[in-house]
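Hi everyone, thanks for coming along. Today I'd like to walk you through some charged side chains, so let's bring up the structure.

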Amino acid sequence: MKLRISEGVLLQFIGDEAVVLHVATGTYFAVNQTGALAWRSLVQGGSLEDAVQEILQVYEVDEASLREDLEAFANDLVEKGLAEEIPI
Amino acid sequence: MARSTRPADITIVAHASNDPARCPSPNPDSGAKLVVPGMGTVHVLSTNCVHVNVEPPFALPAFQQLTAGPALGLLLHSNGDSILHGSAVSISGKGVVILGAAGLGKSTLAAALRQKGHAHVSDGMCVIRMVEGSARLLPGPPFAKLWPDSLQSLGFDPAKVESVFPGDEKRLVPVTGPVARQAVPVHRIYSLAFEPSEPEPVVARVSPAVAVWELVRNYYLKTHIGVSQSSAIFDRCVELARKVSVSTLVRTNDICSVSGAASLVENDVLD
């Protein structure tokens, strides 16, 4: 799965976190360190698998659980209109 | 009175919207603009020229309100400054910004800090300019706008202080103590919050992500400026949150807790 930030969504990385503003609705999101790592990897052209490998380099976590969590995270971003899935 | 021969730093073009022939509307697609319902619109024409259009019937107080606040704020925003809705003082040369929704006591807390001998920087609008990577707070006019009960709590008689504008409940209080004449570094930003269950005021640092939100939601006239400026506002708030410590200042909405909050801020800044 690959993502791009939706139009009208502003994203910035600050410290270990990411902050997102959905301009049309004025909704604001803050994403923790893991989410920020995942998002950075995804929007910089990486696939979901790239994000998994990047996070595994930083954290010692179960790979299968991480993959499941990231997939849920990515689907959540798409559902909220913050990102769009693009063809690999 | 002799007229200054020095060119104006800022030009304000004013007209009533029912007289377009005298002042044709600026290009609607260029420059930032904001609409203040019931008062009029402000449109930035260039780096030093702003167009103020008062809704008919033209009223001088409405024009004064638009130019003193929104017009100047929008012009400075267009020129790259960050404009926050708050009050500011300088505590031993350290800029302290107090943010919060209307009625939470920004001006009152700033006035309480001035009573402790700290210098006034601005009231109602805090202008922050990045200078060589550092956030600098620019001084504003030496006036504060306070509600009558706040004035009374600070030992003043509201009846002896004129209103901000005719018919306005708020009073325009000239600052008589120390006033900052030059920009000061921004040291702390406090976002006021109200929690009736708290017995005493509490200061708590927030994470950078929360800091960005506090700055965005307290950006001056954000709701009037329009979505075209959202990206600029967001980016500036992120930059500011990277440079400056932001805290929430939780207090009860009891006017007597203001002095406690002022002491808390003072100690937090000077520690």
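Let me start with a network: A:Glu49, A:Glu63 and A:Arg67 are joined to one another through salt bridges. Please keep in mind that this is a predicted model. Over all chains, the count is 9 salt bridges.

Now, staying in chain A, have a look at A:Glu84 and A:Arg4. Their side chains form a salt bridge, with 2.9 Å from N to O. A:Glu84 belongs to strand S5 (residues 83-86) and A:Arg4 to strand S1 (residues 2-5), so this pair ties together parts of chain A that are 80 residues apart in sequence. How accessible are the two partners? A:Glu84 is partly exposed, at 33% relative accessibility, and A:Arg4 is also partly exposed, with a relative accessible area of 46%.

Over to chain B. Here B:Asp268 and B:Arg188 make a salt bridge, and their closest N and O atoms are 3.4 Å apart. This one links distant parts of the chain: B:Asp268 sits in helix H7 (residues 257-270), B:Arg188 in strand S13 (residues 184-194), and they are 80 residues apart. Are these two buried or exposed? Both B:Asp268 and B:Arg188 are buried.

My last pair is B:Arg217 with B:Glu214, a salt bridge whose closest N and O atoms lie 3.0 Å apart. Both are in helix H4 (residues 208-217) of chain B, and because they are 3 residues apart there, about one helical turn separates them. B:Arg217 is partly exposed at 40% relative accessibility, whereas B:Glu214, at 8%, counts as buried because the cut-off is under 20%.

Notes:
Residues are numbered from 1 along each chain as its sequence is written. Chains are lettered from A and ligands numbered from 1 in the order in which they are written. This is a predicted model: local features need pLDDT of at least 70, side-chain atom pairs count only at pLDDT 80 or more; totals for chains, interfaces and linings use all residues. Side-chain values use heavy atoms; hydrogens and water are left out. A salt bridge is a side-chain nitrogen of Lys or Arg within 4 Å of a carboxyl oxygen of Asp or Glu. Helices (H or I, at least four residues) and strands (E, at least two) are DSSP runs, numbered from the N terminus. Buried means under 20% relative accessible area, exposed over 50%, partly exposed in between (1.4 Å probe, protein chains only).
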